[in-house]
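Subject: Handover of the two-chain model

Hello,

Here is the structure we discussed. Please open it alongside this message.

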Amino acid sequence: MSKLEIKDLRVSVDTEDGAKEILKGVTLTIGDGETHAIMGPNGSGKSTLAYSIAGHPKYTITGGTVTLDGDDLLSMTVDERARAGLFLAMQYPVEVPGVSVANFLRTAKTAIDGEAPKLRTWVKEVNGAMEKMNLDPTFSQRSVNEGFSGGEKKRHEMAQLALLDPKVAVLDETDSGLDIDALKIVSEGINTFRERENKGVLLITHYTRILRYVKPDRVHVFVDGRVAESGGPELAEELEANGYDRFVRASV
Amino acid sequence: MTVLDSVKDSLEMGPSGDRIESHLHPEGSFDVEDHAVPTGREEIWRFTPLRRLKGLHSDAPLDGDAFKVELDLPEGVTGASVPVSDSQRGASGLVPTDRVSARVWEAATSVLELTVPDDYVGDRAATVRVVGTGVDVASAGHLLVRAGKHSRSTVVVDYSGSATWAENLEIVVEDGAELTFVAVHGWADDAVHVVNQHASVGRDATLKHVAVTFGGDVVRSDTSVEYAGPGGSAELLGLYFADEGQHIEHRLFVDHTAPKTKSHVVYKGALQGEGAHTVWIGNVLIRKVAEGIETYEENRNLVLTDGCQADSVPNLEIETGEIEGAGHASATGRFDDEQLFYLRSRGVSETEARRLVVHGFFNDLIRKIDVPELEAKLTETVEAELSKNMSVLTGATENGVPTA
Ligand SMILES: Nc1ncnc2c1ncn2[C@@H]1O[C@H](COP(=O)(O)OP(=O)(O)O)[C@@H](O)[C@H]1O
Ligand SMILES: [Mg+2]
């Protein structure tokens, strides 16, 4: 199972002028094994949605619910959510100096599985995942994301997706800033993940480009902190042809 | 501005003057009477909690014997306690620049001389263990380490137990020698240690000086380096961890007294618990003769809980324009929430995430220290220090949700 249900989610951030509401009632259900794309202009609240689901401390939930297979994610700590099967690929992955990728991956895998992975098969798995993402095996010895190019950071996120094997992946603009070759590699990573049983994907993107490689079951247009319209893949085609104008104007 | 002032000073010195007016280089004296009892207002004492020094800085007798010294030496390296009159003390150029050092000079009856012969090459470290057996009486010690010409060796001084310990420590790295010198302050919680170290780096010689400080109630370690000839290089590395109530002070002074010399200073510390206080003073003086030198100094502090204080004062004075490079960096920061969030979003618990970040903070430094005998111990030390206060660290709440 991998059902992610978001109901009437309201989120604000603290600003100098007090709390500012960013998500204004988001309702969305990603059924078992489905891939949904969320598309929206910059500043519409896409990252806020992703971070809020994952539990980033900057965001305050003021209303609504988020459940994964019926379990209340919002009452869990950040790491409990990950152990419950949630994965967030970040728009801007964070550098952690002095912590090697190998150590990081092993620690994360151990935390999620509740036991250390078998050393022998694990090293092979890690090398395999790195290779699929076209990352040199020496990456394992480098500090997490430190000195990685933008594209390498995103491919490293996808290697983690493959290795940590969550139930639901929230991918926040994983496609942004990638050249066409990297985009194909990353798309391949997402598709390989989707081929596994019962995996849900929430693909957040600004561009329609990635949807040529990763076919969504549903497309949601996100404007000003809420879903403005939902539809099938044809909605992405309309966005490709006409852009966000119709939706942005409608929301004003 | 410092640099302009010192350039002016050097112009006033005249062609033959090698007297330096710099406040970085106080005139030393062997006579205790020349050093007034500090009040705490003096520049060099203003960070130190004098009341906790058990009189080391004033008049406490230094004739205690509440300590043991054990030597573990590889073949070829010699160690002997030599009466002051027969000793080589002063060989490094050490002249006491504060009252504690002058008092130790006066009180010492013997000098422990550790000698690495010329051309010696050894992988196994020579270790001096100073084990304190009580804080009630104050003791004084003088250690002189001499690395003979073209030798390559490692010397570790390992402090443990309880002591009120005042010390002069001299390091002489003769021409072409390579010495790694490590001081590990693993004292018990009640120890008080004030040490003045002075190193002389010979022509084309290399000193790697490492301070590892995590024990003691008060540790004040003063380290100065001068160069006996051109081409010498000094790398000063420090790793420290201050807990609740602990005062750890490292004062460094690199005096570029010869051309084509190098200094590279990296000190990193972590602080946790109420009243943990660290002080890092990084003074570098580039004298007029010291053309073509390179210097870099860096101090980074990671503050793990509320109630800690990290003082960090880099200070660079340049009296010649002909240098290869000079720079410094100083930063004190808290845990980075974004790093913790990233790690936790991968399932790693908050405790484990903090542990990873702290190990990561120290890792490159531990790699630089690169003394195989010590590496495991350093990692364990960081681990042990962290586990002491993990309960403090995990008391935090996040996003209104209490953490497990
Ligand atoms: N800390 C903050 N203070 C004020 N406004 C913020 C803060 N964080 C985000 N915002 C605002 O929230 C809105 C949504 O941001 P974000 O979720 O990053 O959008 P997207 O990912 O769709 O580009 C933007 O208008 C942004 O300026
Ligand atoms: Mg965004």
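This is a predicted model: local features need pLDDT of at least 70, side-chain atom pairs count only at pLDDT 80 or more; totals for chains, interfaces and linings use all residues.

**The record for chain A**

UniProt, in an unreviewed entry, places "domain: ABC transporter" at residues 4-249 of chain A. Over that stretch the chain is 36% helix and 31% strand. Its end C-alpha atoms are 30 Å apart.

**The four-stranded sheet of chain A**

Start with the open sheet of four strands in chain A. Its order is S2-S1-S4-S5, and the pairing is antiparallel. Strand S2 (18-30) and strand S5 (71-72) of chain A are at the edges. Each has a single partner strand, so one side of each has no neighbour in the sheet.

Now the pairs, one by one.

- S1 with S2: strand S1 (residues 4-15) of chain A runs antiparallel to S2(A), and 10 bridges join them. Look at Ser12(A): its bridge partner in S2(A) is Glu21(A).
- S1 with S4: these strands of chain A are also antiparallel, with eight bridges between them. Here Arg10(A) stands opposite Gly63(A) in S4(A).
- S4 with S5: two bridges join this antiparallel pair in chain A. Leu68(A) has Asp71(A) in S5(A) as its bridge partner.

Two residues lie between the strands. One residue of this hairpin, Asp69(A), takes a positive phi near 50 degrees.

Helix H1 (residues 46-54) of chain A lies across S1, S2 and strand S4 (59-68) of chain A. H1(A) runs at about 105 degrees to S1(A).

When you inspect side chains on these strands, keep one general point in mind. In a regular strand, side chains alternate between the two faces of the sheet.

**The six-stranded sheet of chain A**

Chain A also has an open sheet of six strands. The order is S6-S9-S10-S3-S11-S12, with mixed pairing. Strand S6 (86-89) and strand S12 (226-231) of chain A are the edge strands, each pairing on one side only. On average, neighbouring strands of this sheet are turned by 20 degrees against each other, ignoring direction.

Strand S11 (residues 218-223) of chain A pairs with S12(A) in the antiparallel sense, over five bridges. Within that pair, His220(A) has Ser230(A) in S12(A) as its bridge partner. Helix H5 (residues 150-164) of chain A packs on this sheet. H5(A) touches S6 and strand S9 (168-172) of chain A, and its direction makes about 170 degrees with that of S6(A).

**The record for chain B**

For chain B, UniProt lists "domain: SUF system FeS cluster assembly SufBD core" at residues 136-361, again from an unreviewed entry. Over those residues the chain is 9% helix and 62% strand. The end C-alpha atoms of this stretch are 37 Å apart.

**Where the chains meet**

How many residues of chain B are in contact with chain A? The count is 24 residues of chain B, against 40 residues of chain A. Between them the two chains bury about 2,400 Å², with 64% of it on carbon and sulfur atoms.

Polar links are also present. There are 11 residue pairs in polar contact between chain B and chain A, both residues at pLDDT 80 or more. Which elements give two or more residues to the side of chain B that touches chain A? They are helix H3 (337-344), helix H4 (350-369) and strand S18 (401-402) of chain B. H4(B) gives the most, with seven residues.

Two salt bridges are found across the interface. The side chains of Asp79(A) and Arg344(B) meet in a salt bridge, at 2.7 Å from N to O.

Best regards

Note on methods. Residues are numbered from 1 along each chain as its sequence is written. Chains are lettered from A and ligands numbered from 1 in the order in which they are written. Side-chain values use heavy atoms; hydrogens and water are left out. Two strands pair if DSSP finds at least two bridges between them. Contact means heavy atoms within 4.5 Å. Axes are lines fitted to C-alpha atoms, for helices over the stretch in contact, and angles run from 0 to 180 degrees between N-to-C directions. UniProt positions are given in the numbering used here, feature names are shortened, and annotations may be inferred rather than shown by experiment. Buried area is the accessible area (1.4 Å probe) that two parts lose on being put together, summed over both. A salt bridge is a side-chain nitrogen of Lys or Arg within 4 Å of a carboxyl oxygen of Asp or Glu. A polar contact is a pair of N or O atoms within 3.5 Å; within protein, one must be able to donate a hydrogen and the other to accept it, and residues adjacent in sequence count only if both atoms are side-chain atoms.
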